[in-house]
Structure formats: structure tokens, C-alpha cells
Amino acid sequence: MNVLKDNKDLACFYTTKHSWRGKYKRVFSIGSHGITTYNPTTLEVTNQWPYGDICGITPVGKGQGTEFNLTFRKGSGKKSETLKFSTEHRTELLTEALRFRTDFSEGKITGRRFNCYKHHWSDQRKQVSLEVTPGGIDQIDPHTNRVISSYDYRSVEGFAEVSDYQGGFCILYGGFSRLHLYASENRDEIIRSAIEHAGNYIGITLRLRKDPLTFEGFVGERLGKYGSDECITSLAEFVVQKISPRHMEPIKRILALTETCLVERDPASYNIVTVKPFEEVFALVCDEDNPQVFYVEFIRGQIRKYCSTERDSLLASLLDGVRASGNRDVCVKMAPTRRGQRWGLLSMPVDEEVESLHLKFLAAPPSESPSTALRPPHASACLNTLFSR
């Protein structure tokens, strides 16, 4: 088999392949250039498809489930073949695979864009575009055509109309009902399209709340369950520079530590920009090259990058706060987490079977391993990736 050159495993899942020969385990990898399946006992590549050969990847059946189909072109002709797999993490696997949907062979799947206004944290209305895609809703800067942020359907809790805000609707997001307010004359179509896409492509059911919100209600509930005084009152504050694709240059922020959350504030207005609960912090990462730069990794895959002259004391305080909140598995690392080494989600421990296989690999690396990820000196990094949380 010709293995794709320079393909990097970005997210891996421990799956079951359903075949006429029976059912057997496979590591299903979404990579930088294609999809790969590995034999989990040897790490031998059993199949690999560049994204240009993939026709589609879809859930099997209606509503929640574990099975999904992968359809790909067979050879140079127009014939296609479909393989069935199953995993408890189907929603996450489909979401990751659909990030490469525009590279698929059929349809070059894109979404429809709608002109909208976003109610910004600064209380300003900013013109944006929303694109409803198979995997989520993308917020796009209409001037640069760049994706500013994405709302994956897997983390969307539903939608709510805002009765006294013309064309207004909220996306409830992030697992704690954080509200993001938009306004559009196409409100009904955006919500309807998002609900349909979530069901057809991800296999989850999203709903529009029966009771609409008022604008006053949005203001009071904007931060969801972490909007109470306990969650946003600072115990310690640090001035940082945030490094983000949204901004051409680093932007000044106040990073506040509370009883339960990491809170970003605008230093000029002291308005809250973002809130991240400590329970969702996965790891803290020190940059090896710059002694002032650090990253905060979260269990849903987000990574925040900051720069601070007080990096070490900030990280020590943040580590204490996260562990005191009950999230005791967090550690400080010198290298970012390699998602491709972990056969599952960051939010939960991997299967015992996966742990057992990796311990065997550390003792006796498989000869068919496509990378050096499981060989010294990367063994400690592999253990960290495997057994965190």
C-alpha cells in the first residue's frame, strides 16, 4: 500500500469495522491529507484514502447511535464503495472528519452563508457572516473571508429566539449554556438549516427552545451557569498579551482566576470577553522557545495562547486553582498534546483495552509503526497523552 506522504494523524478513534468477514477493531485516524485505518495490535496501515477519493462520511440511522458509513471512490473510475464502522464517539469522529469536507471528491461540500450582526461582548453590533456547514456554524469576517470562530454541533445545546431584538436568536454553546446573540432577517432559515445539518451529517438532534428570551434575559444569562458572582469574581489577576488568529497583533487582556473559572477581561472596559471553567482545562503548556509564552489546552479541543512576563507565577496560580476546583489531573508540560497519539477524547480516559495495547507498545514498539510516536524518547509524551484525565 502506498502510504500518503507527510500525512499526520490529527485525531484518532478506537473503532469497530463491520465487514462480511465479521467485526474487528481498527484505529480510525483523521489525518492532514487523508483518512487511515490501523491494525491496533501492530499499527500496520490496513487502509488509507486521500481526501480527494472520499465521497462522504455519514451517520447510520436516525438520532443518536454508534454506526457510520465511509464512502470512497474505488480506483480511477466512478465506482464507489462503502465501509461501515462503529464507535461510542461517533459525534466527535464525524465532526473532525468533516473539517476536511471541502477536499472530498464529490460536491466539495460547503455551506450557505447568511449576513448577520453579532452582539459583541463590548455591546456593539458587528457585521459578520454565518455559514451553516455539515459540521457546525462558522462565523466569518466578511471583509477578509476568514473563519473567526466555529460552533460545532457537538457542543451546541440548542437555539433560542430573542423576542424584542429584531431577527435575534441565541446559540446555546459550550456545555454550560453560554449565549451567543446574532440577528438576521434569515433567522428561521439559519436555525432550520443548522438543525437539519446536525441530524443528517452528525447524527444529533438540536432544537429551538419553545420559550423565547428577552434581550434583558440574554444580558443576565449570557455566561450560562458560570455567570454568578462566585464564578466571575477575581481571586488573582494577571496582565497578558493574547495571541490569536482573530487579531493581527497580540492584544492586551486581563487574565483573572476565580473560584471556578478562567476569565478573560478587556483592560479598558473590564468587560468579560470569555469564561472557561476550570473543569474543562486539559493541560498547561510552556513554550520551549519563548520563556514568556504559554498555552492552555481544553478538553473540547480549544487552545488559547498567551504571553506574560509573569508566566511562571501565573501558571503556578492557575494550576493551584484548577486542581482546587476538583480537576486534579491537570499538569504543566513542555510540549503541546499530540492528539494523534490518543485513541479517544481528551474529556475522558481511554478504554482499558487501549491502555493495555499502549503499555505493550512502550515495552516492545511494533515494527510496523508508521511513526516514532511510540518509540523513545517519545515514550513519556505518549504516556502523558494516554493517561491524562
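Good morning, colleagues. I begin with confidence. The chain has an average pLDDT of 89, and 92% of the residues reach at least 70. One stretch calls for caution: over residues 370-381 the pLDDT stays under 50. For that stretch the model has 19 contacts beyond four places in sequence. Where pLDDT is low, the predicted coordinates should not be read in detail.

I turn now to the sheet that contains β1. Seven strands make up this open sheet, and their order is β4-β3-β2-β1-β7-β6-β5 with antiparallel pairing. At its edges stand β4, residues 45-50, and β5, residues 54-59, each of which pairs on one side only. From one strand to the next, the twist averages 30 degrees. Within this sheet, β6 (residues 67-73) and β7 (residues 80-86) run antiparallel and are joined by seven bridges. Arg 73 has Ser 80 of β7 opposite. Helix α1, residues 90-97, packs on this sheet and touches β1 (9-19), β2 (22-31), β5 and β6. The direction of α1 makes about 155 degrees with that of β5.

The next sheet contains β8. This open sheet also has seven strands, ordered β11-β10-β9-β8-β14-β13-β12, and the pairing is antiparallel. Which strands stand at its edges? They are β11 (147-152) and β12 (156-161); each has a single partner strand, so one side of each is left without a neighbour in the sheet. Direction ignored, neighbouring strands here are turned by 35 degrees against each other on average. The partner of β12 is β13, residues 168-173, and the two pair in the antiparallel sense over five bridges. Ala 160 stands opposite Cys 170 in β13. Helix α2, residues 187-202, lies across β8 (112-119), β9 (125-132), β10 (136-140), β12 and β13. To β12, helix α2 runs at about 160 degrees.

How many cavities of 30 Å³ or more does the count give? The count comes to one, and the volume of the largest cavity is about 40 Å³. Its lining consists of Leu 255, Leu 262, Val 263, Glu 264, Thr 274, Lys 276, Arg 304 and Tyr 306. Two or more of these residues come from each of β17 (261-265), β18 (272-277) and β21 (303-307). Strand β17 gives the most, with three residues. By class, the lining has four nonpolar, one polar and three charged residues.

Thank you for your attention.

Technical notes
Residues are numbered from 1 along each chain as its sequence is written. This is a predicted model: local features need pLDDT of at least 70, side-chain atom pairs count only at pLDDT 80 or more; totals for chains, interfaces and linings use all residues. Side-chain values use heavy atoms; hydrogens and water are left out. pLDDT is the predictor's confidence in each residue, from 0 to 100. Contact means heavy atoms within 4.5 Å. On a 1 Å grid over the protein atoms alone, a cavity is a set of points where a 1.4 Å probe fits but cannot get out, and a pocket is an open set with protein on both sides within 12 Å along at least five of seven lines; lining residues have an atom within 4 Å of a point. Grid points are joined across faces, edges and corners, and a volume is the space filled by probe spheres set on the points. Helices (H or I, at least four residues) and strands (E, at least two) are DSSP runs, numbered from the N terminus. Ala, Val, Leu, Ile, Met, Phe, Trp, Tyr, Cys and Pro count as nonpolar, Asp, Glu, Lys and Arg as charged, and the others, Gly among them, as polar. Two strands pair if DSSP finds at least two bridges between them. Axes are lines fitted to C-alpha atoms, for helices over the stretch in contact, and angles run from 0 to 180 degrees between N-to-C directions.
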